Amino acid sequence: MGLPQLCPMTSQELIKEEKPLTSKEGALRRSYFKIQRARSRAAFILLVLPAILWFVGLMLWPLANMFYLSFFRWDGLLDPKIFVSLGNYTRMFNDEHFWHGVANTAIYLAVDMPLVLLPGFVLGFFLSQRPPGSRLLRVIFFAPSMLSVAAVSMMFVGIYLPDGILNTLLHQVGLAQLEHVWLADADTALGAVIAIDIWGSIGFYSILFYASLSNISQELFEAARLDGANLWDLVWRIAFPLSKDFFGVAMVLNFVWIMYGSAQNVLILTKGGPGDHSLTLGYYLYNQAFMGYRLGYSQAIAVFAFTIGLLGILLIRRITRRSEV
Amino acid sequence: MKPRFSQTALSILILVSIILTGCAQGQATPAAATQAPPPAAVEPEATDVPAQPAAAPVTLNIMHNYAPDDPHGPVLEQVFKDFMAANPDIKIEAQIYSDLDIPLKVETAFLAGQEPDVVFNNYAISRDTWIDKGVTLQLDDLLKEWGFDGKFLPAALDSSRDKQGRLVAFPFEGFTWPVWYNTDIFEKAGVEVPTTTDELVEAAKKIREAGYEPFTVGGIDWSGYAVFTTIVQLKLSDEEMREVFGKGGFAQNKNAMEGIKLFTELRDAGVFAEHSEGFQADAMNAMFFSEKAAMMQAGSWAYGQLPESMQDHTALAGFPILASGSPHEKPVIYAGFGKGVWVTRNGGQKLDAVRRFVQYVYSAESLTPFIVDTGMPSPLLDLQVDPAKLSPFMLQSTEYVKGVTIVDITDNYVPQKAFDALYKASAGAFIPGATPEDIAAEFDKIYAEQQ
């Protein structure tokens with residue numbers, strides 16, 4: 001608005017101007033660019049400020065509170081907070097239920113991640129080759145992701161019942177000795193919960209991988225085939241290295257889900273039992289906060305889970321970082 | 001480098017947001033008192049139901065746990081409808097949550113100034129805290145002002161008072177908590193319904209041989225905790241129970257240790273259904289109602305769920321006692337009043353509408369269907385229900401109590417915020433191999449943490 005008075009020439013005219021500038025013209029030019037920079041900075045701040053406020057208010061502030069509250073004994077929303085220093089952490093490291101949760105979560109991660117991501121990748125590759133019926137298959141693969149956790153859990157309750165579908169099937173094929181009360185047996189409860197997660201996740205990740213692998217030129221695979229590459233080579237020696245970065249992102253998503261989100265299945269199906277046999281860290285955190293009225297202690301567990309989650313993410317990113325070509 | 005950084009940052013954001021997310025679920029928990037339910041045979045009586053209209057249209061927010069699949073649910077829903085029809089200036093908006101979730105829901109809403117006006121809530125967790133925190137009103141004065149003085153059973157009122165003797169809620173749902181016996185299965189196994197623990201072990205053996213599970217229980221939750229405490233109490237007088245369950249010290253108490261030992265002996269003798277340690281109360285009910293198990297311990301709140309086809313061969317009785325050396329004379333049950341109608345701070349702002357609703361709930365026409373359809377013991381002294389209206393099973397439920405000893409329930413004495421930890425400890429007791437010493441140590445640890 002005030003620019004014409006300050007600088008009658010356009011910026012391009014200014015750049016093209018070859019004759020030496022007088023000191024007044026130089027000052028005008030510097031002033032013009034200074035104002036431009038200030039305007040641009042102000043616009044940038046105005047544009048990102050809402051996002052920054054949102055992030056600080058809704059993400060960082062509660063996160064900081066999580067750390068803060070972990071130093072207090074707080075036995076209910078209406079109860080006073082009592083500073084206990086590292087008391088919650090001392091208690092946590094001496095709590096056998098907590099360690100059972102850590103161990104079960106480690107088992108969960110070790111079993112679930114490879115059994116979800118590797119088949120998911122192969123299926124994603126298969127879809128990316130656009131076989132006949134691939135559109136229908138994509139819908140079928142993605143369908144479990146559209147079911148709520150409660151609906152899936154109730155479906156599997158029916159499958160796992162003592163006289164449910166699974167035991168009936170085992171009985172009918174002559175494997176009656178393998179029948180179990182799946183969710184109530186200490187030997188099978190955690191596995192039964194993990195199996196539900198695997199069932200629901202493979203299709204979801206296959207669609208993610210399909211989306212990523214679709215960006216790779218089919219000519220590359222054709223060329224590899226002409227060079228004698230077999231299916232294994234196409235999947236693991238060509239497609240996988242090219243989408244290693246994306247595989248890392250998928251690993252992170254799966255890792256985060258298992259660490260925290262899988263608590264829902266445990267809550268609905270086993271409540272961590274029998275004993276602590278299916279207790280996971282995520283469920284224990286929930287349990288202590290909302291059932292046990294130990295809000296401060298639950299935040300200490302949350303800090304631990306957050307730290308492990310952060311380290312896990314960094315480790316995954318480091319492992320799956322694609323070498324620069 | 002930048003894309004990697006942003007992907008990592010995105011992942012961290014997702015992680016943070018998931019951490020900050022919470023959810024909740026739970027199951028019904030009984031709590032209670034010390035007296036048997038009243039006989040359902042007194043003169044019909046209705047409380048006064050004034051029909052004075054409120055000054056302006058009012059919405060009453062009412063929180064309760066009577067879901068549509070709960071036998072109480074349709075009855076309460078009908079009460080709401082009838083009340084609104086009779087009081088067109090009052091609208092009821094109901095919120096339904098499980099028993100265990102209600103205290104947290106109310107407290108969270110209270111902090112936001114949005115708590116419901118009236119809450120049907122168990123006493124166990126909130127009895128000694130809500131009045132002092134200002135969440136709910138002390139009701140002693142309203143008891144008189146609203147015409148309820150002398151109307152409630154004394155035992156029901158006692159259960160509804162906090163440690164300082166203040167009335168926290170109007171007593172509503174009473175309960176008895178017997179053992180249910182499928183007499184058909186006992187007949188097939190060739191054994192009688194047991195009255196002693198020795199007979200129980202023998203019966204369990206025969207029942208297994210006949211191809212049925214003996215005693216089904218939700219070992220993981222409150223139903224397992226109740227079975228565990230019932231058995232421990234076979235060795236404890238009520239005074240000892242109050243001491244041990246109130247303050248801990250299981251390992252040092254000889255009788256408590258003997259009670260826990262008795263529990264492990266029954267467990268190891270195969271009295272409980274296989275894998276009971278992993279069942280929840282729903283699974284317990286399903287196993288009994290599908291006639292796969294011969295016994296379960298379940299409260300009167302489940303009477304309405306008994307299939308019609310089982311009513312003629314389901315007997316109610318107490319938990320078998322020791323053949324000798326028991327402080328109790330007959331098989332034992334819990335009974336009392338565990339749930340009341342609480343009026344909150346917000347309810348205090350629309351007291352006239354709340355009064356009209358509460359008085360309507362305690363009228364004979366509202367309360368009778370609860371007694372007839374759900375087997376709920378009446379909290380009122382002189383509410384009479386015609387026995388002819390009761391099904392044979394419901395009739396039985398009012399009469400079997402003559403043959404049992406009612407023992408004091410532990411819920412009234414344990415630290416209010418220790419319930420979940422105690423359920424977890426009793427769940428551990430159901431796992432084969434858990435020794436009495438391990439179990440006692442786990443319980444004592446919970447009490448130490450409450451200090």
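How far apart do the C-alpha centres of domain 1 of chain B and domain 2 of chain B lie? The separation of these C-alpha centres is 31 Å. Domain 1 of chain B covers 58–174 + 336–399, and domain 2 covers 179–298 + 415–450. These bounds come from an automatic or database domain assignment.

The model is predicted: local features need pLDDT of at least 70, side-chain atom pairs count only at pLDDT 80 or more, and totals for chains, interfaces and linings use all residues. Residues are numbered from 1 along each chain as its sequence is written, while chains are lettered from A and ligands numbered from 1 in the order in which they are written.

Chain B holds an open sheet of four strands in the order 6-7-5-8, with mixed pairing. Strands (E, at least two residues) and helices (H or I, at least four) are DSSP runs, numbered from the N terminus. Two strands pair if DSSP finds at least two bridges between them. Strand 6 (213–216) and strand 8 (314–317) of chain B are the edge strands; each has a single partner strand, so one side of each lacks a neighbour in the sheet. From one strand to the next, the twist averages 20°. Strand 5 (residues 179–182) and strand 7 (residues 293–297) of chain B are antiparallel and share three bridges. B:Y181 has B:M295 of strand 7 as its bridge partner. Helix 8 (residues 197–209) of chain B packs on the sheet and touches strand 6 and strand 7. Its direction makes about 125° with that of strand 6 of chain B. Axes are lines fitted to C-alpha atoms, for helices over the stretch in contact, and angles run from 0 to 180 degrees between N-to-C directions.

In chain B, the axes of helix 2 (residues 72–86) and helix 15 (residues 364–374) come within 10 Å and cross at roughly 165°. Helix 2 of chain B is therefore roughly antiparallel to helix 15 of chain B. Angles under 35 degrees count as roughly parallel, over 145 as roughly antiparallel, 65 to 115 as roughly perpendicular and the rest as oblique. B:H72, B:V75 and B:V79 of helix 2 meet residues of helix 15 including B:P369 and B:F370. Contact requires C-beta atoms, placed from the backbone, within 7 Å.

In chain A, helix 10 (residues 218–226) and helix 11 (residues 231–242) pack at about 125°, with axes 11 Å apart. Helix 10 of chain A is thus oblique to helix 11 of chain A. A:L220, A:F221 and A:A224 of helix 10 meet A:D233, A:L234 and A:I238 of helix 11.

Terms used: Contact = placed C-beta atoms within 7 Å.
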